[in-house]
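Here is a short report for a first look at a protein model. Please have the sequence and the structure in view while you read.

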Amino acid sequence: MTNFAIGVDLGGTNLRIAAVHENGLLLEKVTTVARLALGRDQVISDMCDAIRQLATKFKGSSALLGVGVGIPGIIDMETGLLRESPNLPGWSEYPVREDIERRLNAPVILENDANAAALGEKWLGAARDVDDMAILTLGTGVGGGLVLRGRIWHGMTGMAGEFGHITVDPHGPRCKCGNIGCVEMFASATAVVRMARDAIASGQAPQLARAAHSDPEFSAKVVYNLAVQGDQAAREIFRQVGIALGIVVGDLVNDLNLPMYVIGGGVASAWEAFSPSLFEELLRRSMLYAATAPAIQPLHGSGEPTLPLREQPSGAAAGVHSAGSGRKTIVTCAVLGSDAGMYGAARLPMLASDPAWDCEFAEGKRA
């Protein structure tokens, strides 16, 4: 009998649940809106209903290895308590793992969502050929995860890899975490919109102003589209994104000396807009990267790579590719997109030391 696991990725906007075969094959995925406004009880109920449905559908021919859940915020890994989560208001000090296990009558492995994304990219994504890697996830905020020898590195309290709160500008804006000048304040979707509104307020960004006036849902994607079309104010915003990322990745290269650093999350879809300044800054900031960087792809006079970045050879970083001998430091874009956390969460039970279990989930109950 083959084995499968269920992975859950709970975000501030969406809830993704998937049944994944132990070889990485996606059996089925359910994506729905995370109905946070209805309260955590409703969100967890929706999650457990979807888990039961998938488990029932595939247990006839396969053995269920377990359930992994990725969730944003600070987690007590021993107790499964969600200490705090800016993206899940009202969930502070919530025993989320205990609640899910009680509803399902089954053990659950809880993990920080960025750590789950790191594991997903390690298993099936950009880092599948290396044992050690770090990821920065650029979304509403900036998360991070660290995988060493194929396993998530949690640190003393489970919160290793909080790369989004590394300072890149000690005189920058104050972050929600209380620090000043975090990379999250320059490289997140929220930061892109803030910088765009600042540019509009300065009177120096007429196209951004028109876009913001005509679109009530003015977003980082709108700013990116203008950057691709050549708007200088929008391009400058993504240059700032790249500089911030170049600083923090340079710090990580100097501190960790890993073979691969992956940039993921929704803002990573703007890779071609920010990656040139990322690599320019990274070469300035890290002597170690400069010594181990792959050969640079020739650039056009416009500053764009010869090939569109998404068409670079497999394993290549933006504007760079492996050349010559010796071990290289690769900085590259994630390949699993928004599904990385879901796949990583499904991988958690597969890596657990406990033997496979095949429980009968409890019928849907309110806690």
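The sections below go from the whole chain to single residues.

## Overall make-up

This is a predicted model. The protein has eleven helices and 14 strands. Of its 367 residues, 53% are buried.

Sequence distance also matters for reading the fold. Take the contacts between residues at least 6 apart in sequence: 64% of them join residues at least 24 apart.

In soluble globular proteins, nonpolar side chains tend to be buried together. The largest nonpolar core here has 57 residues. Leu 136, Leu 208, Leu 245 and Phe 274 have the most contacts inside it. Helix α8, residues 232–256, gives the most to this core: 13 residues.

What does Leu 136 touch, beyond residues up to four places away in sequence? The list includes Leu 245, Val 248, Val 249 and Leu 252. It also includes Val 142, Gly 143, Gly 144 and Phe 163. Val 262, Ile 263 and Gly 264 complete it.

## Thr 137 in strand β8

Thr 137 is found in strand β8, which covers residues 133–138. Is Thr 137 buried or exposed? Its relative accessible area is 16%, under the 20% cut-off, so Thr 137 is buried.

Thr 137 has its own set of contacts, again not counting residues up to four places away in sequence. Ala 114 and Ala 117 are two of the residues it touches. Val 142, Gly 143 and Gly 144 are others, along with Gly 264 and Gly 265.

## Helices α7 and α8

Helix α7 spans residues 220–228. The axes of α7 and α8 come within 7 Å and cross at roughly 115°. Angles of 65 to 115 degrees count as roughly perpendicular, so α7 is roughly perpendicular to α8. The crossing is left-handed.

Which residues make the contact? From α7 come Ala 220, Val 223, Tyr 224, Leu 226 and Ala 227. From α8 come Ala 234, Arg 235, Ile 237 and Phe 238. The residues of this contact divide into eight nonpolar, no polar and one charged.

Leu 226 has its place in helix α7. At 9% relative accessibility, it falls under the 20% cut-off and therefore counts as buried.

Leu 226 and Leu 208 are 18 residues apart along the chain. Their C-alpha atoms are separated by 7.7 Å. Leu 226 is in contact with Leu 208, and also with Gln 207, Ala 211, Asp 231 and Ala 234, leaving aside neighbours within four places in sequence. Leu 208 is also one of the residues with the most contacts inside the largest core.

## Two loop residues with positive phi

Where does Arg 149 lie? Arg 149 is in the loop between β9 (142–148) and β10 (151–152). Its phi is near 55°, a positive value in a residue other than glycine. Its relative accessible area is 76%, over the 50% cut-off, so Arg 149 is exposed.

Asn 257 lies in the loop between α8 and β11 (260–264). Phi of Asn 257 is near 55°, a positive value in a residue other than glycine.

Terms used. Residues numbered from 1 in each chain as written. Predicted model: local features only at pLDDT ≥ 70, side-chain atom pairs only at ≥ 80, totals over all residues. Heavy atoms only, no water. Core = buried A, V, L, I, M, F, W, Y, C linked by side-chain atoms within 4.5 Å. Buried < 20%, exposed > 50% of the residue type's maximum accessible area, 1.4 Å probe, protein only. Helix = DSSP H or I, 4+ residues; strand = E, 2+ residues; numbered from the N terminus. Contact = heavy atoms within 4.5 Å. Axes fitted to C-alpha atoms, helices over the stretch in contact; angles between N-to-C directions. Parallel < 35°, antiparallel > 145°, perpendicular 65-115°, else oblique. Left-handed = near helix turned anticlockwise from the far one by under 90°. Nonpolar A, V, L, I, M, F, W, Y, C, P; charged D, E, K, R; others polar.
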